[in-house]
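Work through the exercises below with the sequence and the model in view, and try each task before reading its solution.

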Amino acid sequence: MVPTETTVYIIDDDDDIRSSLSRALGKRGFQVATFDSAAAFLNVCDPEKPGCIILDQGMPGMTGLELQQELVTKRVDLPVIFITGHGGVPESVQAMKAGAIDFLEKPFRTDILVERIDAAFEGLFENRKASEKTRGARRKLASLTPREKEIVDMMVADPSKTSSKDLARSLDISPRTVEHHRARILEKLQIKSVVELIDLAIVANSS
């Protein structure tokens with residue numbers, strides 16, 4: 001079930017297509033907004049609001065592929081489903097390589113489009129959840145002092161040498177000082193073990 005705060009953006013210069021798709025998707029519970037050009041959509045696009053774009057390829061002015069590239073350049077993560085009446089293999093390949101969910105040729109069945117929209121939202125929320133997890137891990141690591149960060153880097157780089165004595169020897173400080181740093185690190189990062197520390201570092205370094 002798609003959350004009600006999501007919006008399906010229909011971008012097509014054909015009035016009839018916009019109207020028919022808007023009605024069909026509205027009846028299926030989607031919140032819909034329509035635009036007759038790529039420029040009109042860009043003027044009001046809010047990348048933070050979860051949405052899915054139904055995009056006509058063959059529009060005058062900025063084409064669908066050009067809009068997709070603009071969104072990629074601006075790092076807008078809204079999923080795109082292309083619809084076209086005369087798309088070819090090169091266009092579909094280009095669209096899919098740039099991350100499009102699908103490239104549907106008109107006429108297409110509404111239930112197929114709905115399946116693609118559901119898949120698009122599922123992927124969007126999974127990606128945003130993963131991104132928030134990454135940002136959270138990076139925020140935690142950023143709270144460490146330079147010495148704490150140095151100890152974390154050493155522990156992650158060689159998990160077999162994470163004892164206080166090993167770390168103290170490498171840093172030329174006392175084991176008791178290392179233990180103090182370790183306790184602070186675990187407290188700041190809200191973890192309890194080296195395994196959790198390594199997992200956190202992997203998440204923080206994910207793209």
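Axes are lines fitted to C-alpha atoms, for helices over the stretch in contact, and angles run from 0 to 180 degrees between N-to-C directions; helices (H or I, at least four residues) are DSSP runs, numbered from the N terminus. This is a predicted model, in which local features need pLDDT of at least 70 and side-chain atom pairs count only at pLDDT 80 or more, while totals for chains, interfaces and linings use all residues. Residues are numbered from 1 along each chain as its sequence is written, and side-chain values use heavy atoms, with hydrogens and water left out.

**Exercise 1.** Describe how helix H6 is placed against helix H8.

*Solution.* Begin with the axes: those of H6 (residues 146-157) and H8 (residues 175-189) come within 10 Å and cross at roughly 90 degrees. H6 is therefore roughly perpendicular to H8 (a term for angles of 65 to 115 degrees). Next, list the contacts (heavy atoms within 4.5 Å): Arg147, Glu148, Ile151, Val152 and Met155 of H6 meet His181, Arg182, Arg184, Ile185 and Lys188 of H8.

**Exercise 2.** Describe the packing of helix H1 with helix H5.

*Solution.* First, the axes of H1 (residues 15-27) and H5 (residues 110-142) are 11 Å apart, and the helices pack at an angle of about 65 degrees, so H1 is roughly perpendicular to H5. Finally, turn to the residues, where Leu21, Ala24 and Leu25 in H1 touch Thr110, Leu113, Val114 and Ile117 in H5.

Key
Helices (H or I, at least four residues) and strands (E, at least two) are DSSP runs, numbered from the N terminus. Angles under 35 degrees count as roughly parallel, over 145 as roughly antiparallel, 65 to 115 as roughly perpendicular and the rest as oblique.
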